[in-house]
Amino acid sequence: MLKLFNSLTQRKETFKPIEDGLVKMYTCGPTVYYYQHIGNMRAYIFMDSLRRTLKYNGYKIKGVMNVTDVGHLTSDEDSGEDKMELAAKRENKNPYEIAKFYADIFFKDLELLNIDIPENITYATKFIPQMIDFIKGLEQKGYTYQISDGVYFYVQKFPSYGQLSQKDLSKTGNARIEENLDKHHPFDFALWKFVSPNHIMKWDSPWGVGCPGWHIECSAMGRDLLGDRFDIHTGGIDHKTVHHEDEIAQNDALAGHRVVNTWIHNEFLLVDGGKMSKSLGNVYTLNDLKNKGFEPMDFKYFCLNTHYSKKINFTFEGLKSSSAGLKNLKTLVIEHFNGKEKISDENLAKYKEDFLNAINDDLNMPLALGVLWTMLKTEKRSKQVFDLVGEFDRALGLNLTVFEEQKEEDIPNEIIQLANKRQVARNNKLWAESDKLRDEINSLGYKILDKKDGYELIKQ
């Protein structure tokens, strides 16, 4: 049975969806004012592992991921400048052009990482009416008040505020740094912010011209597409104390009951033992890794070797080790593809059981990879093992059998077998044997093109 750690209850729980066979799940997506760095991408690798594990267990998913294309402020605390407006000034474009440019790059990065993308991608600017209706509902129930710079949620009207982050409303010594002394309580947060006439992204509302607060976006989009009860909400640990706490307050206040059953958060990715910082020059994107000779799957494999709930320390030495490990893993997979031995049903069943137990124990991908490695190294070379790798990769998403996709109807199996043998030779740096096999392939009328993650065969 699948068990997941629920941040709200602070314990591992057996997962049971609200509707049999269907999981309704919301994932906090990016704010598309700049490139997403590898710390951001860890959250989507975690999302991918969760979605794949749910599907591996036979569930269908109705997923939602937002794209914040209307700027929230530079801090979570309703202060600072609008991120989209800042980006527009920086690049001399309008915010809509900024949003499209960086959203396109983000989704390309997801594709390169073989991320299982949610069924519904929602852009904040398309859901302004739903956000306004949501705020109206809160207003009618007495949870809002209006001051000079916007409409706010009054947290003291919601007694369970702080349940996720363990905040104590009576202790504000560590409260947010406040620029607005008109707020009723330091933890009160903006639902609708008034803006100046020269602000580019603004909309009419019953309270005045402005733009939505950041937290209301996810609540409104989740409610519109998933209803007022759904199973899972995911996001990075940095969202736990403010953004997700405020979402819970909005959701549950309007609905009158608990809306999200399970909250799951992935931990930070550190760089060289510390936080990423532009001043330190250690903020990396997938493209930066590629420029240093690494593939996106090297980074994904690096992340999967640490449990999502643990901090992970990124170094290029660590990434280099992961890259070599993934290459060795694929070498073993190819050897099993070419294998002729028979494996007992009992052995195969045990590997299946161990793998399922690993991923179902709160997405223990490091343990699942251990099961995979043990099987590949222990068993005789067998196509049965290769086929089971393909099944396991439905949960891992590492494209471990992607080289088989080179097999097309007009390419004989004999050529595929030679190409796979050559790949093994190259991975083991047996250059003479590799050259010999390449020449043999050429003599049979085919050309082989080497790629980072395998090869391509072309008929001459």
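Here's a quick briefing on the fold of this chain and on one histidine inside it. The model is predicted. Its chain holds 14 helices and 15 strands. With a radius of gyration of 25 Å, close to the 23 Å that the globule rule gives for 460 residues, the chain is as compact as a globular protein of that length.

**Overall shape and packing**
- Along its principal axes, the C-alpha trace spans about 80 × 50 × 40 Å.
- Burial covers 55% of the 460 residues in the chain.
- If you take the contacts between residues at least 6 apart in sequence, 74% of them join residues at least 24 apart.

**A look at His-336**
- His-336 belongs to helix H9, which runs over residues 316-337.
- Its relative accessibility is 0%, and because buried means under 20%, His-336 counts as buried.
- Leaving aside residues up to four places away in sequence, His-336 touches Met-375, Leu-376, Glu-379, Lys-380, Arg-381, Ser-382, Lys-383, Val-385 and Phe-386.
- Lys-377 lies 41 residues from His-336 along the chain, with 9.9 Å between their C-alpha atoms.

How values were computed
Residues are numbered from 1 along each chain as its sequence is written. This is a predicted model: local features need pLDDT of at least 70, side-chain atom pairs count only at pLDDT 80 or more; totals for chains, interfaces and linings use all residues. Side-chain values use heavy atoms; hydrogens and water are left out. Helices (H or I, at least four residues) and strands (E, at least two) are DSSP runs, numbered from the N terminus. The radius of gyration is taken over C-alpha atoms; the globule rule is 2.2 Å times the number of residues to the power 0.38. Buried means under 20% relative accessible area, exposed over 50%, partly exposed in between (1.4 Å probe, protein chains only). Contact means heavy atoms within 4.5 Å.
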